[in-house]
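Let's take a friendly walk through a protein model together. Have the sequence and the 3D view ready, and follow along residue by residue.

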Amino acid sequence: METKQVRAGRDTILGYVERASPVDVLAEAIWNALDAEANNVETTVTIGALGAPEEIVVRDDGHGMPHHQAPDLFLTHGESWKRTSGFSPNINRPMHGHLGRGRFLAYGIAERVEWRSVSADGDALSETVIHGNRGAPNEFTFDGPWPSSGPTGTTVRMKARQTPRVASIADGEIHLPLTARLAASLLAMPKVTVTYRGQPLKPQAHITLENDLDLDLDAVPLHGKARPRLHIVEWSVDMRSKTIYLCDERGGVVTEHKVGRMPPAPIHWTAYLHWDGFRDPDLMSPADLRVPEMRHGELLAAAQRALADYLNRRLDEQKGSILAEWKAEGVYPYQGEPNNAAEEVEREIFDIVAVVASPAVGRDVKQKELSLRLLQEATRAEPSRTNRILNAVLDLSEDEQEILTDLLERTKLASIIRAAQTIADRSDFLHGLRELLYADETKTVFREVDQLHPMLVNEPWIFGDEWNLALSETGLTRVVRTLITRRGDVEFASTPVVLPSGRSGRVDMVFSRHLPESERTRHLVVELKRPMRLTMTEFGQINDYASAITAHPEVQGTPHDWDFWLVGTEINEAVRNLYSDPARPGLTTNNPRYRIWVMSWGQLLDHADRKVHAFRSALELVSTDQTSRDYLKRKHAEFIPQSTPDVENE
C-alpha cells in the first residue's frame, strides 16, 4: 500500500468540488465509466433508517484501470490523458473528460471514496484498489495488484456526506435531471445501458421534439474552431433542466451555463451548445469552466438569442391550437371581437398568460372554465399581480400542476398556503436554532431553563410529528401519575418517584403516543441541555431518570414503552463509547424496560432538516440568517439571548 500526493493544494481542489451538485458528481462518475468502454453502468444508493443516503455505488463493466497506470490517472491535476486521445483505445468511443478533475468531484457528495478496478494483465486479470478521503483530497492510497477472477470493470463506492444538499440523492425524481445532463452522450450510444437505482436512464423515452439551430455569429469568437450548433430538446416531463449545457462535438458536457429570464412557453426544454472549443483547455481553463461568459460571452449571447427566438416561436405555435380548443369547448372567457384598444390589449395579455399556464388550467370543461375566469379576473385587476401568478404557475412542473389541481378539488388554496408557510417557518426555526446553539456570540449565553426549554415547548415537531406534547418541566411523580393512566377517579403514584440518591427529579419534556394496533403506549422523555459537552455526569442523570420511572410499581408490568433522549451540543468520547448499535447512532442502552439515546443537537437538527428538505426544495424556499432571525423575533422574542445582533440593535 502506497500513498501519493497530487500537485495541487487541498483548497484548490475543494474550491471547485464545493460547487458541484449531486447531479454533477453522478454524471461525472457515469461518464468516467463510459470512457472506460463500459456497456453497462449501474448506480445504487443505500438509504439509511432516517431516509438519508449513506452510500452511493457506481459499477461498470469497462476495461478497468491497470495498476501501473493508476498513479498517472489519479495524480495528474489540470490536464487529463484524454485530452490528446479523444477516443477510447479499443472501440473508438468519444471520451468525455480532458481537464483532469473528474475524480475529485466525488468529494462533493462523499467523505471517503474507494475505486476497486479489475483489468486485463496480459492473459490474466488483476485488481487494484485506490482510496481517497475528503479530508486530504490531494492524496490517494494505491493498493495491489492482486490476481482476480474478473470480470473487468470498476466499482466506485462513495460514503455519503450527511448534508441537506447530498440528501437530494434520495429524491425519487433526481433521475430526470441526471438523464437530461447525460442525454447528449446517451443518445450517441444507443447500445449502452445506464441505470440509476434500478431505473434505466433513457432520454429518448422523454423526448417529444428536437431541433438544431444555427447561430448568428462571425468567425472571431470561434478562435479558428468549427461553427457551433445549438441542439434544443423538448421533453414530455419536467426534467428540471432549463439550462444550456456546453458540450464538445462528441456530446460530452463540459459545464453548464445558467440562462437569464427566457420567454415563457408551455414546454419543458433543455439546450445543448456543441462546440469543439469547449474541449480545448486553452479556451476552457478552470476559470472558464466556472464563468464561461467571461471569455465566450459573444458565443453564449448568440445561443441565448437563438433560444429565446425558438421559445417565442413555440409559444405562438401552441397559442393558436390551444385557444382554438378552448373556444370550441366554450370555456374561453371572451366573446366576439374587442370593443376598444384597451380590451384588445387585455385580451392579448390574457392569451399569453393562459397559454403558458395551460398545463395547470384543468382537465375537464368545468375546471377549465373556472381557471380561465380566475386568470381573466387577475389580468383585469392588476397586471403586476398577473405577472406574479404567471411566474408561480411557470415554476410548477406538470406533475406539480396536476397535484395542485387535485388538491384544489379536496381543499382550499388558503390551506395549501398555510402548509407552505409551516414548512418555511420550520426551515427558518432550524436555521436559527442552529445559530443560537453553535455561534460563538450566543452559545455561551444561551440559557437552558428559561430560553432553550420554553422555545422548544412551542416547537414540539422537532422531536417528530408523531408526538403530541404531553408534559413540560415535570416532576417524576407527576410523569407517572399523568401518563400511566388518565382515569380521574383513581389516585396514582401515591408513592413518590425518587432518584437513587433519594432526591426528586424533574424532566424537561414528555411525549406520549398510543399505538392501537398493539394496544401499547410509547413515551419519549427528553432531557435538554444548553450548549455544552455531554459527559458521563449528564448520562448518569438521564439513566437515573429512566431507572426511577420504569422501576416504579405503577409502571412495571404495564403496556408502556419508554425512550429517553439526552441532547447537547457535543458528546465526549466516554459517552460515545456506550453506543451499542452502529445501525442506530446514539443508542446507548436497550433493555426490556427502556432505551436511552444520547444525541447531539447537530444530529437532531439534521434529522429534522431532512424531513423538511424535500418540501423546501419543491417550494424553492431558502432560509437565510435574516429570515431565521425574523422568525425567532416573531415567535420567540422573549427567549432569544440578548447578545444577538438583532436584539442589541433594537
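Arginine 197 is partly exposed, because its relative accessible area is 39%; buried means under 20%, exposed means over 50%, and partly exposed is in between, using a 1.4 Å probe and protein chains only. Arginine 197 sits in the loop between E8 and strand E9 (199-200). Helices (H or I, at least four residues) and strands (E, at least two) are DSSP runs, numbered from the N terminus. The phi angle of arginine 197 is near 50 degrees, a positive value in a residue other than glycine.

This is a predicted model, in which local features need pLDDT of at least 70 and side-chain atom pairs count only at pLDDT 80 or more, while totals for chains, interfaces and linings use all residues. Residues are numbered from 1 along each chain as its sequence is written, and side-chain values use heavy atoms, with hydrogens and water left out.

Which residues are in contact with threonine 43, leaving aside its neighbours within four places in sequence? Arginine 197 is one of them, and others include Leu26, Ile30, Thr195, Tyr196 and Gly198. Contact here means heavy atoms within 4.5 Å. Threonine 43 itself lies in strand E2 and is buried, with a relative accessible area of 1%.

Another residue with positive phi is glutamate 37, which is not a glycine and has phi near 65 degrees. Look for glutamate 37 in the loop that joins helix H2 (22-35) to strand E2 (40-47). Is glutamate 37 buried or exposed? Its relative accessibility is 10%, so glutamate 37 counts as buried.

Alanine 106 belongs to the loop between helix H4 (82-85) and strand E4 (110-121). Alanine 106 also counts as buried, because its relative accessibility is 8%. Apart from neighbours within four places in sequence, alanine 106 is in contact with Val25, Val113 and Met158. Although alanine 106 and proline 22 are 84 residues apart along the chain, 8.9 Å separates their C-alpha atoms.

## Two cis prolines

Now turn to the peptide bonds. The bond from glycine 144 to proline 145 is cis, with omega near 0 degrees, and proline 145 lies in strand E6. The bond from glycine 150 to proline 151 is cis as well, with omega near 0 degrees.

Where is proline 151 placed? You can find proline 151 in the loop between strand E6 (136-148) and strand E7 (153-160). Proline 151 counts as exposed because its relative accessibility is 67%. The C-alpha atom of proline 151 is 9.5 Å from that of glycine 64, and the two residues are 87 positions apart along the chain.

## Where two helices cross

Next, find helix H8 (residues 293-329) and helix H9 (residues 341-356), whose axes come within 10 Å and cross at roughly 95 degrees. The axes are lines fitted to C-alpha atoms, for helices over the stretch in contact, and angles run from 0 to 180 degrees between N-to-C directions.

On the H8 side, Leu315, Lys319, Ile322, Leu323 and Trp326 take part, meeting Asp351, Ile352, Ala354, Val355 and Val356 in H9. By class, this contact has eight nonpolar, no polar and two charged residues. Ala, Val, Leu, Ile, Met, Phe, Trp, Tyr, Cys and Pro count as nonpolar, Asp, Glu, Lys and Arg as charged, and the others, Gly among them, as polar.

## The whole chain and its confidence

Let's step back to the whole chain. The protein chain has 21 helices and 22 strands, and 50% of its 650 residues are buried. Among its contacts with a separation of 6 or more, 71% join residues 24 or more positions apart.

The mean pLDDT of the chain is 79, and 78% of the residues reach 70 or more; pLDDT is the predictor's confidence in each residue, from 0 to 100. Confidence is highest in strand E8 (residues 193-196), at a mean of 96, and lowest in helix H21 (residues 645-648), at 43. Over residues 483-495 the pLDDT is below 50, and this stretch has 26 contacts in the model beyond near neighbours in sequence. Where pLDDT is low, the predicted coordinates should not be read in detail.
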